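Ready for a few exercises with the structure open beside you? Try each task first, then follow the solution step by step.

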Amino acid sequence: MKLFGNPVSRGIVIGEVMRYEPFKAVPSSSRIGEAEVDASLELYDKAIGMAMAELEETRSGLAERAPDKAKILAAHAEMLSDPVINDEVRRAVRSDLIPADAALAMVFDKYSDLLGKSKNAAMRERASDLQDVKNRILRCWAGRREKNLSLLDRPVIVVCGDLYPSDTVSLDRNNVLGIIARTGGSTSHTAIIARGYEIPAVLGVPDCMERLNDGDIVVLDAENGEVVIAPDDEERAACEVRASQVVTELREMEQWRCVKPVTRDGRRIWVGMNIADINDEELEHAAYSDGSGLFRTEFVHICRAGMPSEDEQYRIYRRALEAFGGKPVLMRTVDIGGDKQMERFGLPKEDNPFLGLRGLRLCFAQPELFAAQIRAALRASVHGDLRIMLPMVGSMEEIERAGAFITEQGALLDARGMDWNREVEIGIMIEIPSMALIADMAARKVDFASIGTNDLCQYLNAADRLNSAVESCYQEYHPAMFRIIGNVARAFAAAGKSVSICGEMAGDPLAIPALIGLGIEKLSMNAASIAQAKRVICGLDMSAVSELAREVQNLETASEVRELLQSFAASRAKRGGKAQA
Ligand code: PEP
Ligand code: MG
């Protein structure tokens, strides 16, 4: 039997299913009798003991590999044994006859609400930690073991409804063989991270949670978007043959990684790498890129339980700059909101989070958060070529306001006697169509722009990038996408300012020729896409891509554009070519 979905990250694997579902606690709602008090408290102690043992096991497993995360778990262990909380829970059980699971939920919620309202950002962060600890105890109370994607004891194929960005960035890359999820399109963060980690993934598989159980053996074919459940011998053998073909193909492609990306007629294209969490595995790819055209700094927050301090952020940004050794790093200020929700920011529940308080809008609403990040960035700017990039910019007023804010933070550093680079460039992401349409005006105001095609596509087509039900409306090859990108490229070229693309289209081998033809000469992408992108670039001629760009803008439908891009790619592939450093 087969299930189908969107293949968003290449590869074919066979393995055992591990279902991953965040636990949803439902504490008891009725009162207990006096005779049940001791038994309820006994269950409470048992759950606390189990939670403590679990925390200790995970903490010691992470101590070397991820000391930051281990530190968070140590703090959680302290909360677990907090005497004030424990006394209050016991009192509520004994005096008010509230079952211990409901009592602990009540007490933890009380303290987390109090902390959540604090003016102090560090205190507010503790609120989400308390919720985490509460959920852990309640899960243990329900007798459910933790399924933690950052620490797996064997290789598995993860099957889930969806993954939070925090699940994806921390996942155990050696043991997650593949990902199958009910939701998520090709530009969802799960897809982006899976591609970055080179983990095969098929998303948008509607009934995966109903059909797949722990321990099932499946073939995950992320070349064709298929999941084969309980494959027979023949299907297994076929999978093994195809999997090794894909591995060979990818290995051959690797040779292009170190090549200089120059078209056949000598145009040097800038190929950058998108980065998120800063770790050795990610930064080892810096050497064969021209810099980072997108540093998604919100992952610096997502990967840590507490709000990183200004100093901590400074050290992280400095590390990124040093890893790129003087090459440009476009540090995007935090883009929280949309699908990157974090309890600690106390965001209101929104009906349309992608149209709500996200990116720069959230930074304006939480100036403390923005200020710490900007000061950290400015301080780091003396250690390399750091450029500040603002996400989700929708108007000229926002550019003005952010510029003034950055100037103010620079003045604060001056008052502290701290060094920073006064020439640091400030640019914007163009991902809201309004900005793309007034790109000529924006280009006069900012130092550079980078087009975020993932969001630009969702806003231009009015199709949620996460919703697989409207995947067919989310058309990256819509002729309007090429027209709007061309508009931005022309506007920035006319102003003599730099423009790049850092959305997923930048690493799409089919789209690259047309994008270059539109005048985009800087592309920033997942590390895993760089080799193939360089191979494509080295096979291009500027005159042919200009003609291609003209044609795609005059076609009527996305499928016509795709066909044209495919036939263009096929004609280049026939020419072949060898990787030359
Ligand atoms: C984009 O929107 O294209 C982009 C690069 O930003 P993100 O995917 O992080 O929203
Ligand atoms: Mg975006």
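Two strands count as paired if DSSP finds at least two bridges between them. Helices (H or I, at least four residues) and strands (E, at least two) are DSSP runs, numbered from the N terminus. The model is predicted, with local features needing pLDDT of at least 70, side-chain atom pairs counting only at pLDDT 80 or more, and totals for chains, interfaces and linings using all residues. Residues are numbered from 1 along each chain as its sequence is written, chains are lettered from A and ligands numbered from 1 in the order in which they are written, and side-chain values use heavy atoms, with hydrogens and water left out.

**Exercise 1. Find the residue opposite S9 in β6, then describe the sheet around that pair.**

Step 1. S9 stands opposite A201 in β6. The strands β2 and β6 (residues 201-203) run antiparallel and are joined by 3 bridges.

Step 2. Zoom out to the open sheet of 8 strands, whose order is β1-β8-β7-β3-β4-β5-β6-β2, with mixed pairing. β1 (2-4) and β2 (6-9) are at the edges with a single partner strand each, so one side of each has no neighbour in the sheet.

Step 3. From one strand to the next, the twist averages 30 degrees. Here angles run from 0 to 180 degrees between N-to-C directions, and axes are lines fitted to C-alpha atoms, for helices over the stretch in contact.

Step 4. Helix α9 (residues 233-254) lies across β3 (12-20), β7 (217-221) and β8 (226-229), at about 105 degrees to β3.

**Exercise 2. Work out how many residues of helix α7 are buried, and look at what follows the helix.**

Step 1. Buried means under 20% relative accessible area, exposed over 50%, and partly exposed in between (1.4 Å probe, protein chains only).

Step 2. In α7 (residues 189-197), 8 of the 9 residues are buried. Among them are H189, I192, I193 and Y197.

Step 3. Just after α7 comes E198, with a positive phi of about 60 degrees. E198 sits in the loop between α7 and β6 and is partly exposed, at a relative accessible area of 44%.

Step 4. For another positive phi in a residue other than glycine, turn to A230, where phi is near 45 degrees. A230 lies in the loop between β8 and α9 and counts as exposed at 57% relative accessibility.

**Exercise 3. Identify the residues that coordinate the magnesium ion (ligand 2).**

Step 1. Look for donors: N, O and S atoms within 2.8 Å of the metal (3.2 Å for Na, K and Ca); water is not among the atoms, so sites may look incomplete.

Step 2. E431 (OE) and D455 (OD) coordinate the magnesium ion, at 2.0 to 2.2 Å. E431 is in the loop between β13 (425-430) and α16 (433-437) and D455 is in helix α18 (residues 453-461), so the pair ties together parts 24 residues apart in sequence.

**Exercise 4. Trace the pairing of strand β10 with β9 and β11.**

Step 1. β9 (residues 270-275) pairs with β10 in the parallel sense over 2 bridges, and N274 has L294 as its bridge partner in β10.

Step 2. β10 also pairs in the parallel sense with β11 (residues 328-332), over 3 bridges. In β11, R332 is the bridge partner of R296.

Step 3. In β10 (residues 292-296), 5 of the 5 residues are buried, so the strand is largely enclosed by the rest of the structure.

Key:
Contact = heavy atoms within 4.5 Å.
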